[in-house]
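Work through the exercises below with the structure open beside you. Try each task before reading its solution.

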Amino acid sequence: MHVKYSGQCLCGKISYSVDIEPVFTGNCHCKDCQRSSGSAFIPAMVFREIDVVVSGEVKYFKSQADSGDIHKRGFCPNCGSQLFARFSNMPGMLGIKAGTLNNTSNYAPKLDFHVGGAAPWDFMNPELPKKQGAAQS
Ligand SMILES: [Zn+2]
Ligand SMILES: [Zn+2]
């Protein structure tokens, strides 16, 4: 069986698959995404959670964004890979970090957001629209 999107963490204990297109794709350059990923940005795909099949035990870390929204970052407790995100302002939705895809060429970002907090060495595709703040507001 071939699904549109599938991926896993580094150790392989957590894997996922989704067979429909995401409702949103974009790169988040906020400070929390930089700190939690150790990199310049998080490439995010957002799906309805009921459309995503997850196997393995995911642990969620809760933090509060500057907007006041609660952001839960899902990671593998064994290898630490960050795979998922839940957002209090988007109930029922699940974010997937595109770097965990088995085929990363399936990810097509449509937007760079929270670019106001981007690191000076962060390189962005000049052809994508840029937003200073959150993706949806
Ligand atoms: Zn793992
Ligand atoms: Zn972010």
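**Exercise 1: a charge over a ring**

Find the ring over whose face Arg86 lies, and give the distance from the ring centre.

Solution. The model is a predicted one. Arg86 lies over the face of Tyr60. The distance from the ring centre is 4.1 Å, and the cut-off for a charge over a ring is within 6 Å.

**Exercise 2: the zinc ion (ligand 1)**

Name the residues that coordinate the zinc ion (ligand 1) and classify the geometry of its site.

Solution.
- Step 1. The donors are the SG atoms of Cys9, Cys11, Cys76 and Cys79, at 2.3 to 2.4 Å.
- Step 2. The angles among the four donor atoms run from 106 to 116°. Four donors count as tetrahedral if all angles lie between 85 and 135 degrees, so the site of the zinc ion (ligand 1) is tetrahedral. For comparison, the ideal angle for four tetrahedral donors is 109.5 degrees.
- Step 3. Along the chain, the donors of this zinc ion (ligand 1) follow the spacing C-x1-C-x64-C-x2-C. Cys11, in the loop between β1 (5-8) and β2 (15-18), and Cys76, in the loop between β7 (70-75) and β8 (82-87), are 65 residues apart, and the pair links distant parts of the chain.
- Step 4. Cys11 has a relative accessible area of 34% and is partly exposed, whereas Cys76, with 1%, is buried.

**Exercise 3: the zinc ion (ligand 2)**

List the donors of the zinc ion (ligand 2) and write their spacing in sequence.

Solution.
- Step 1. Cys28, Cys30 and Cys33 coordinate the zinc ion (ligand 2) through SG, at 2.1 to 2.3 Å.
- Step 2. The donor residues are spaced C-x1-C-x2-C.
- Step 3. Cys30 and Cys33 are both buried.

**Exercise 4: aromatic pairs**

How many aromatic pairs are there, and how are the rings of Tyr5 and Phe47 arranged?

Solution.
- Step 1. The count comes to three aromatic pairs.
- Step 2. The ring centres of Tyr5 and Phe47 are 5.6 Å apart and the planes stand at 65°, so this pair is edge-to-face. The cut-off for edge-to-face is over 60 degrees.
- Step 3. Tyr5 is in strand β1 and Phe47 in strand β4 (residues 42-48), so the pair ties together parts 42 residues apart in sequence. Tyr5 and Phe47 are both buried.
- Step 4. Phe24 and Phe113 also form an edge-to-face pair, with 5.7 Å centre to centre and 70° between the planes. Phe24 belongs to strand β3 (residues 24-28) and Phe113 to strand β10 (residues 112-113), so parts 89 residues apart in sequence are tied together.
- Step 5. Phe24 is partly exposed at 24% relative accessibility, while Phe113 is buried at 9% relative accessible area.

Conventions
Residues numbered from 1 in each chain as written. Chains lettered and ligands numbered in written order. Predicted model: local features only at pLDDT ≥ 70, side-chain atom pairs only at ≥ 80, totals over all residues. Heavy atoms only, no water. Donors = N, O, S within 2.8 Å, 3.2 Å for Na, K, Ca; no water. Tetrahedral: all angles 85-135°; square planar, octahedral: opposite > 155°, others 65-115°. Helix = DSSP H or I, 4+ residues; strand = E, 2+ residues; numbered from the N terminus. Buried < 20%, exposed > 50% of the residue type's maximum accessible area, 1.4 Å probe, protein only. Phe/Tyr/Trp six-rings, centres within 6.5 Å; stacked < 30°, edge-to-face > 60°. Lys NZ or Arg CZ within 6 Å of the ring centre and 35° of its normal.
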